Amino acid sequence: DTTVMTVSYLASPPPKEFHFDCHPETTKRARDFIEAWASHCGLSDEAKGLVVLGCDEVFSNLIKHAHCGEEKAPTLIRAKKQGNALRITIEHQGKGISNEEFDELMQPPACEDRIGGLGMYVIKEVFDSVNFQK
């Protein structure tokens, strides 16, 4: 005896892009956008939380370092599903960093020579790959 059941996932994906001014008061909407894409890709609750946390670290760095607290910091997030992966691109007009600078900042928490907080380390741990472009 065999029972076979099939359910097709027919929900439309979330919008592909989200434009916002990166500021502490607006990042909640950006996190919601990221979470919607993580859900759409079928990530577990734990994985969704980590992806949102990693992106939130990027937003925090944009606010603090790239835009130095400016009120208007236009930011664009693009998301898309590529096979089994979720690809997130965050574009901004503030000061950027290179991959080499990221590597220098990405020190383990116990490293005595670590520069700054744990944000870059969290980003590196959460995502399979990270590519910064100035």
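Predicted model: local features only at pLDDT ≥ 70, side-chain atom pairs only at ≥ 80, totals over all residues.
Strand S1 presents a covered face, formed by Phe18 and Phe20, and an uncovered one, formed by Glu17, His19 and Asp21. Numbering starts from 1 along each chain as its sequence is written, and side-chain values rest on heavy atoms, with hydrogens and water left out.

The chain contains four helices and three strands; here helices (H or I, at least four residues) and strands (E, at least two) are DSSP runs, numbered from the N terminus. Read from the N terminus, the order of elements is β-α-α-β-β-α-α. Along the principal axes, the C-alpha atoms of the chain fill a box of roughly 65 × 35 × 25 Å.

The strands form an open, antiparallel sheet in the order S1-S2-S3. S1 and S3 each have a single partner strand, so one side of each edge strand is left without a neighbour in the sheet. From one strand to the next, the twist averages 20 degrees. Strands are taken to pair if DSSP finds at least two bridges between them. S1 and S2 are joined in the antiparallel sense by five bridges, and Phe18 has Ile77 of S2 as its bridge partner. Between S2 and S3, which also run antiparallel, there are eight bridges; Lys81 has Leu86 of S3 as its partner.

Two helices pack on this sheet. H1 touches S1, S2 and S3, and its direction makes about 10 degrees with that of S2. H2 lies across S1, S2 and S3 and runs at about 10 degrees to S3. For such angles, axes are lines fitted to C-alpha atoms, for helices over the stretch in contact, and the values run from 0 to 180 degrees between N-to-C directions.

Helix H2 comprises the 22 residues 45-66; at 1.5 Å a residue it should span 32 Å, and the 30 Å between its end C-alpha atoms agrees with this. The expected span is 1.5 Å times one less than the number of residues. The buried residues of H2 are Lys48, Val51, Val52, Gly54, Cys55, Val58, Phe59, Leu62, Ile63 and Ala66. Buried denotes under 20% relative accessible area, exposed over 50%, and partly exposed in between (1.4 Å probe, protein chains only). The cover over these residues includes S1 (17-21), H1 (27-40), S2 (74-82), S3 (85-92) and H4 (119-126). Just after H2, Cys68 adopts a positive phi of about 50 degrees.

The two helices also pack against each other, at an angle of about 150 degrees and with their axes 9 Å apart. From H1, Thr27, Ala30, Arg31, Ile34, Glu35, Ala38 and Ser39 meet Lys48, Val51, Val52, Cys55, Asp56, Phe59 and Ile63 of H2; contact means heavy atoms within 4.5 Å.

Where does Thr27 lie? Its place is in helix H1. Thr27 counts as buried because its relative accessibility is 5%. Apart from neighbours within four places in sequence, Thr27 is in contact with Phe20, Cys22, Asp56, Phe59 and Ile63.

Across the chain, buried residues make up 28% of the 134 residues. Of the contacts between residues at least 6 apart in sequence, 59% join residues at least 24 apart.
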